[in-house]
Amino acid sequence: MINKLTIDDVPENLKSVACAIGLDAFKNLIRCAGGTSVYIPSERCIVKPIRDRVIRESFRGDYKDMAIRFGISEISVRKIVRGKG
């Protein structure tokens, strides 16, 4: 029956999710996680490890430049480069 789901069948509080990911992906989400509570992390939480990896990969010794480039403190850059950030 889920195959017959249209956007008009989706409850109002979930329409923004269905529109954001597309109706087919929404149907798959229902199939795999329907009836459960799903935590969706913030973009900041997901992006932070990527930012830290990029900092470590592109670090060339200039803490101040990296701090300005990524909008964080020099202390944060030092911690990230040392693997403690």
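**View A. Arg 53 and Glu 57 within helix 3 of the predicted model.** In this structure, which is a predicted model, Arg 53 and Glu 57 are both part of helix 3, a helix that covers residues 43–58. The two residues stand four positions apart in the chain, which corresponds to about one turn of the helix, and their side chains are joined by a salt bridge in which the closest N and O atoms are 3.8 Å apart. The two partners fall into separate accessibility classes: Arg 53 is partly exposed, because its relative accessible area of 40% lies between the limits of 20% and 50%, whereas Glu 57 counts as exposed, because its value of 52% is over 50%.

**View B. A network of salt bridges formed by Lys 48, Arg 51 and Asp 52.** Three residues, Lys 48, Arg 51 and Asp 52, are connected to one another in a network of salt bridges. Asp 52 is a buried residue, with a relative accessible area of 5%, while Arg 51 is counted as partly exposed at 22% relative accessibility. For the model as a whole, the number of salt bridges comes to four.

**View C. The salt bridge between Glu 12 and Lys 15 in helix 1.** Helix 1 spans residues 12–21 and contains both Glu 12 and Lys 15, which are three residues apart, or about one turn of the helix. A salt bridge links these two residues, and the closest N and O atoms in the pair are 3.1 Å apart. Glu 12 is exposed, because its relative accessible area of 63% is over the 50% limit. Asn 13 also lies in helix 1, and Asn 13 is likewise described as exposed, with a relative accessible area of 63%.

**View D. Cover along helix 1 and the residue that follows the helix.** Helix 1 is hardly covered, since among its ten residues the count of buried ones is one. Ala 18, which lies in helix 1, is buried, with a relative accessible area of 2%. Directly after the helix comes Gly 22, a residue whose phi is positive, near 95 degrees.

View E. Leu 14, Val 17, Ile 21 and Leu 29 make up a nonpolar patch on the surface, and their accessible area together is about 280 Å². The greatest contribution to this patch comes from helix 1, which supplies three residues. Ile 21, a member of the patch, is found in helix 1 and counts as partly exposed at 41% relative accessibility.

**View F. The largest nonpolar core of the model.** The largest nonpolar core consists of seven residues, namely Ile 55, Phe 59, Met 66, Ala 67, Ile 72, Val 77 and Ile 80. Two elements, helix 4 (63–70) and helix 5, each give two or more residues to this core.

**View G. A patch of positive charge that includes Lys 84.** On the surface, Arg 78, Lys 79, Arg 82 and Lys 84 gather in a patch of positive charge. Lys 84 is located in the segment after helix 5, the helix that covers residues 74–82. With a relative accessibility of 66%, Lys 84 counts as exposed, because this value is over 50%.

**View H. Distances between residues set apart along the chain.** Asn 13 and Asp 65 are 52 residues apart along the chain, and their C-alpha atoms are separated by 44 Å. For Ile 2 and Arg 53, which are 51 residues apart along the chain, the separation of the C-alpha atoms is 40 Å. Ile 2 has its place in the segment before helix 1, and Ile 2 counts as partly exposed at 28% relative accessibility. A further pair is Ala 18 and Gly 35, which are 17 residues apart along the chain and whose C-alpha atoms are separated by 16 Å.

Definitions and conventions
Residues are numbered from 1 along each chain as its sequence is written. This is a predicted model: local features need pLDDT of at least 70, side-chain atom pairs count only at pLDDT 80 or more; totals for chains, interfaces and linings use all residues. Side-chain values use heavy atoms; hydrogens and water are left out. Patches are made of residues with over 30% relative accessible area and no salt bridge: like charges are joined within 9 Å, nonpolar side chains (Val, Leu, Ile, Met, Phe, Trp, Tyr) within 5 Å. Accessible areas come from the Shrake-Rupley method with a 1.4 Å probe; for residues, only the protein chains shown count as cover. Lys and Arg count as positive and Asp and Glu as negative; His and the chain ends are not counted. The place of a charge is taken as NZ of Lys, CZ of Arg, CG of Asp or CD of Glu. Buried means under 20% relative accessible area, exposed over 50%, partly exposed in between (1.4 Å probe, protein chains only). A nonpolar core is a set of buried Ala, Val, Leu, Ile, Met, Phe, Trp, Tyr and Cys residues joined through side-chain atoms within 4.5 Å.
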